[in-house]
Amino acid sequence: MKTAKLTVVGAGPGDPDLITIKAIKALASADVVLYDALVNPVLLDYAPNAEKIFVGKRKGCYSYQQEQINDLIVGRALSHGHVVRLKGGDPFIFGRGSEELDYVRAYHIETAMVPGISSALAVPAYQGIPLTKRGSAESFWVITGTTKAHRLSTDIALAAQSNATVAILMGMSKLSEIVSAFAKAGKEKSPVAIIQNGTRNDEKTGFGTIETIEKVVQEKQLSSPAIIVIGNVVEDRSILSETVASIEEKGYHQTPLRYA
Ligand SMILES: C[S@@+](CC[C@H](N)C(=O)[O-])C[C@H]1O[C@@H](n2cnc3c(N)ncnc32)[C@H](O)[C@@H]1O
């Protein structure tokens, strides 16, 4: 008899090398892996003996409700043993990781958690954008653009008044409201970066200011999943040699560093 267990595991932001050794070990001992749309599927190779179930949202695919995922975890843990719930980035950053652990604990099933590298940190970093930098930003906010009630988070207006770097996840559908909130706080000239599919082969970027970013998004046809980074650190970004190499390889036009 196998022991029923759930390990919630962070898969990192997309580049398959950005997974932890602990996550790989958890996958190697998994009997079942339930994975999301933002998980790079090559990571499933670390779980050769496991049943793999896609429970993410993808156009044209059946989409699981959270309650169904919770029941699937409990059912598979009881029938198969070790369930790994593999989630993009870090499971505790807008990942519902703690909700799933709470649900499963009520069934007295053993639980564990392996943190992951969140896209909130890694995606800007791959573009050479430091979330904090002496002289530019003393702190940063990581905010969801869209709340449970599908509204713009009220934290956006608060963040817009601060001098902090603001990293917004799930914000692309609310971009005009975000731009308005920053403009209202007198931040029209604040630098903005938008990074879609960050750390992946199909990464796309757009750079501008609060005044210009909507036009940039239109021109470059940027969409979700993307991170919006607002603040002076965007101007401070260092062009990394790996970034330059990949830009040249893809034939992309490199965006100038300064906009003022
Ligand atoms: C439900 S949240 C999950 C965040 C995840 N738990 C993390 O720590 O990265 C999904 C949002 O994260 C952001 N995101 C995740 N991976 C991304 C990537 N590779 N590039 C850009 N944005 C990403 C997007 O804003 C996306 O809509």
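In what order do the strands of the open sheet of 5 strands with mixed pairing stand? In this predicted model, the order is β6-β7-β10-β8-β9, and the legends below begin with that sheet.

**View 1. The open sheet with mixed pairing and its edges.** The 5 strands of this sheet follow the order β6-β7-β10-β8-β9, and their pairing is mixed. At the edges stand β6, which covers residues 140-144, and β9, which covers residues 204-209, each of them pairing on one side only. On average, and with direction ignored, neighbouring strands of this sheet are turned by 15 degrees against each other. Within the sheet, β7 (residues 165-169) and β10 (residues 226-230) are paired in the antiparallel sense over 4 bridges, and Leu 169 has Ile 227 of β10 as its bridge partner.

View 2. Helix α4, made of residues 119-126, lies across β6, β7, β8 (191-196) and β10, and runs at about 75 degrees to β10. Helix α7, made of residues 213-220, also packs on the sheet, where it touches β8 and β9, and its direction makes about 155 degrees with that of β9.

View 3. Most peptide bonds are trans. The bond from Ser 224 to Pro 225, however, is cis, with an omega near -5 degrees. Pro 225 has its place in the loop that lies between helix α7 and strand β10.

**View 4. The open sheet with parallel pairing.** A further open sheet of 5 strands has the order β3-β2-β4-β1-β5, and its pairing is parallel. Strands β3 (51-54) and β5 (110-114) stand at the edges with a single partner strand each, so one side of each is left without a neighbour in the sheet. Neighbouring strands here are turned against each other by 15 degrees on average, again with direction ignored.

**View 5. A positive phi at His 108.** Most residues other than glycine have a negative phi. His 108, which is not glycine, has a positive phi near 60 degrees, and this residue is placed in the loop between α3 (97-105) and β5.

**View 6. A salt bridge between Lys 2 and Asp 31.** Side chains of opposite charge can pair when their charged atoms come close. The structure holds 10 salt bridges, and one of the residue pairs that form them is Lys 2 with Asp 31, whose closest N and O atoms are 2.5 Å apart. This pair links distant parts of the chain, since Lys 2 belongs to the segment before β1 (5-10), whereas Asp 31 is in the loop between α1 (21-28) and β2, 29 residues apart.

**View 7. The interface of domain 1 and domain 2.** According to the domain assignment, the protein chain has a domain 1 of residues 5-117 and a domain 2 of residues 120-250. Their centres, taken over C-alpha atoms, are separated by 28 Å, and the contact takes 8 residues from domain 1 and 12 residues from domain 2. About 790 Å² of area is buried between the two domains, with carbon and sulfur atoms giving 68% of it. Across this interface 0 salt bridges are found, while 4 residue pairs, with both residues at pLDDT 80 or more, are in polar contact between domain 1 and domain 2.

Methods. Residues numbered from 1 in each chain as written. Predicted model: local features only at pLDDT ≥ 70, side-chain atom pairs only at ≥ 80, totals over all residues. Heavy atoms only, no water. Pairing = 2+ DSSP bridges. Helix = DSSP H or I, 4+ residues; strand = E, 2+ residues; numbered from the N terminus. Axes fitted to C-alpha atoms, helices over the stretch in contact; angles between N-to-C directions. Contact = heavy atoms within 4.5 Å. Domains from an automatic or database assignment. Buried area = accessible area lost by both parts, 1.4 Å probe. Salt bridge = Lys/Arg side-chain N within 4 Å of Asp/Glu carboxyl O. Polar contact = N/O pair within 3.5 Å; in protein donor to acceptor, adjacent residues only side chain to side chain.
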